[in-house]
Every structure is written in structure tokens, then in C-alpha cells.
Amino acid sequence: MLARLNPQEAYRRVAFDARVAGAGSGQLVLLCFEQFDLALGAALTAATRRDNAAKSQALTRALSALTALQLGISREAAMAPALHQFYEAARSRLLGNVLA
């Protein structure tokens with residue numbers, strides 16, 4: 001599977017997987033936010049370069065990070081409704097700007 005990726009992407013994936021394997025719940029949340037931020041930056045850079053393939057990959061990673069954050073919400077937490085609304089709004093904005 002990794003052989004089909006470019007070397008930088010393969011290295012990023014292995015490093016990410018290693019961080020996930022050793023992370024606690026709080027660290028996983030921070031990791032998801034970090035990945036979301038990095039993916040948005042990569043999407044902006046790709047859009048500037050008019051590289052639609054790279055932009056699409058980056059936006060997919062951003063959506064994956066949002067999905068992971070949303071799935072990780074504890075339903076018993078007092079902040080659960082607010083977090084769900086926040087992540088849904090972020091997803092909606094991101095998807096709304098995919099074609100722009």
C-alpha cells in the first residue's frame with residue numbers, strides 16, 4: 001500500500017500511525033487538530049499552485065480529521081452538543097469551499 005504513495009506521503013503516514021499508536025485520548029484530540037491544521041495549510045498551498053490533486057488529498061485529510069474529532073465526542077460530556085455543532089459547521093464550511 002505504501003509503495004503507491006510518494007516517499008514524503010509514506011513517511012508522513014508512518015509517523016502519524018506511530019503517534020496514534022502511542023497516544024492517549026487527549027493526545028489524540030490534539031493530533032486530530034494538528035492534522036486538520038496541516039491539511040488546511042496544504043490545501044491552501046495546493047490551491048495557490050492550482051494543483052487540484054494535492055488540494056483534493058489535503059481536503060480529504062482535513063475531513064478525516066474532523067470526522068475523527070466528531071466520532072470521539074463523549075455523548076455524556078456537557079460540551080458534547082456544542083462540539084458536535086462546531087464540527088458540523090466546520091465540515092459544512094469546508095465542503096462548501098471545495099469547489100472554490
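**Close-up views of a predicted helical model**

**View 1. Contacts of Leu-94 in the predicted model.** In this predicted model, Leu-94 touches Phe-36, Leu-40, Leu-59, Ala-62, Leu-63 and Leu-66, when residues up to four places away in sequence are not counted. Leu-94 is also among the residues with the most contacts inside the largest nonpolar core, a set of 16 residues in which Phe-36, Ala-62, Leu-66 and Tyr-87 are named alongside Leu-94. Helix H2 (25-48), helix H3 (52-71) and helix H4 (80-96) each supply at least two residues of this core, and H3 gives the most to it, with seven residues.

View 2. Apart from residues up to four places away in sequence, Phe-36 touches Ala-62, Ala-65, Leu-66 and Leu-94. Phe-36 and Thr-60 are separated by 24 residues in sequence, and their C-alpha atoms lie 9.9 Å apart in space.

**View 3. Ala-39 of helix H2.** Ala-39 is likewise a residue of helix H2, and with a relative accessibility of 0% it counts as buried. Leaving aside neighbours within four places in sequence, Ala-39 is in contact with Ala-58, Arg-61 and Ala-62. The C-alpha atoms of Ala-39 and Lys-55, residues that are 16 apart in sequence, are 8.9 Å apart in space.

**View 4. Packing of helix H3 with helix H4.** The axes of H3 and H4 come within 10 Å and cross at roughly 165°; this angle is over 145 degrees, so H3 runs roughly antiparallel to H4. H3 passes H4 in a left-handed crossing. On the H3 side the contact involves Leu-59, Ala-62, Leu-63, Leu-66, Thr-67, Leu-69 and Gln-70, which meet His-84, Tyr-87, Glu-88, Ala-90, Arg-91, Leu-94 and Leu-95 of H4. Sorted by class, the residues of the contact of H3 with H4 comprise nine nonpolar, three polar and two charged.

**View 5. Gln-70, a buried residue of helix H3.** Gln-70 has its place in helix H3, and because its relative accessibility of 10% is under 20%, Gln-70 counts as buried.

**View 6. Packing of helix H1 with helix H2.** Helix H1 (residues 7-21) and H2 pack at an angle of about 155°, and their axes are 10 Å apart; the angle is over 145 degrees, which means that H1 is roughly antiparallel to H2. Arg-12, Phe-16, Arg-19 and Val-20 of H1 make the contact with Leu-28, Leu-31, Glu-34 and Gln-35 of H2. The residues of this contact divide into four nonpolar, one polar and three charged.

View 7. Although it is not a glycine, Arg-50 has a positive phi of about 60°. Most residues other than glycine have a negative phi.

Terms used. Residues numbered from 1 in each chain as written. Predicted model: local features only at pLDDT ≥ 70, side-chain atom pairs only at ≥ 80, totals over all residues. Heavy atoms only, no water. Core = buried A, V, L, I, M, F, W, Y, C linked by side-chain atoms within 4.5 Å. Buried < 20%, exposed > 50% of the residue type's maximum accessible area, 1.4 Å probe, protein only. Helix = DSSP H or I, 4+ residues; strand = E, 2+ residues; numbered from the N terminus. Contact = heavy atoms within 4.5 Å. Axes fitted to C-alpha atoms, helices over the stretch in contact; angles between N-to-C directions. Parallel < 35°, antiparallel > 145°, perpendicular 65-115°, else oblique. Nonpolar A, V, L, I, M, F, W, Y, C, P; charged D, E, K, R; others polar. Left-handed = near helix turned anticlockwise from the far one by under 90°.
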